[in-house]
Amino acid sequence: MTQQTSLAVGAALPTVTKTITQEKINAYSLAGGDDNPLHTDSAFAAKTQFGGTIAHGMLVLAYVSEMLTAAFGKDWLASGRLKVRFRAPARPGDTLKSSGKVTSVDGGKTVCEVECRNESGEVLVSGEAEVSR
Amino acid sequence: MTTLAALGKGYEFPPAAFDLSEEWVDAYVASVEDEAMVALDGGFVPPMAIAALAIRALLEHSSLPPGTLHAGQELAFTAPVRRGETLTVAARIASRGERAGWVLMGVELRVARDGVSVMTGRATLSFPVAEGAAA
């Protein structure tokens, strides 16, 4: 994965693909300090609308952020803006693909549409990112 | 511990400080498998780690109702953060409403280093009305 130095309108961001497992969700729960049983307690989660555990939204967002770090390097850390909606849950066993495309470059500001889909093509996260360069 | 469901619009969370220790950052990066941050020199902390720690700091004062969903997130980063630094987080409930049996709560976050903002954000959380006590 290499940092791109110049991205024009229409350019695709480097995709990031990850497979979600319950072990990864548990590890994130420990690191993130979020012990919501919806993520880690299969008995609790089975009784919810989801029928089973789901990944933290911030875990999925970390994958989107990895893509933006790969694309923009330190500029993402220093000037990044992100606005997303969580549209559907990521579940253990899902393979997630984060992708994005540059929609405008203006005055040193690069705007991208970003999303994360599962292996069925369902959009789990979508939104917009902006980086000043 | 107070549940988030009992808090109303305008509530300000007690300010909290957190340390970005090497050990914690390593655990975070491993949990999210962030190869891009590993490849980026400089000892920087993944921006989402800052957001995660800020939210974690809030949860030390108020618990999430079981089954709380993360409906949306806005974040703005204004300076890179390095391992070993100490940050402070301030947060308030900026909005609270109900729709179709669910509470929608907007929580604004501001993370600072030595009083200078490094990240601002807004998390939109949702949980069943039955979990909420405050109007």
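Guide: Let us begin with the contact itself: 36 residues of chain A are in contact with 33 residues of chain B, where contact means that the C-beta atoms of two residues, placed from the backbone, lie within 7 Å. This is a predicted model, in which local features need pLDDT of at least 70 and side-chain atom pairs count only at pLDDT 80 or more, while totals for chains, interfaces and linings use all residues. Residues are numbered from 1 along each chain as its sequence is written, and chains are lettered from A and ligands numbered from 1 in the order in which they are written.

On the side of chain A that touches chain B, helix 4 of chain A supplies the largest share, 9 residues; helices (H or I, at least four residues) and strands (E, at least two) are DSSP runs, numbered from the N terminus. Helix 1 (22–32), helix 2 (37–40), helix 5 (74–79) and strand 2 (81–86) of chain A are among the elements that each supply at least two residues of that side. Its residues divide into 18 nonpolar, 10 polar and 8 charged, with Ala, Val, Leu, Ile, Met, Phe, Trp, Tyr, Cys and Pro counted as nonpolar, Asp, Glu, Lys and Arg as charged, and the others, Gly among them, as polar.

Strand 2 of chain A also pairs with strand 4 (residues 69–77) of chain B, in the antiparallel sense and over 5 bridges, pairing being assigned if DSSP finds at least two bridges between two strands. Within this pairing, L82(A) has L75(B) of strand 4 of chain B as its bridge partner.
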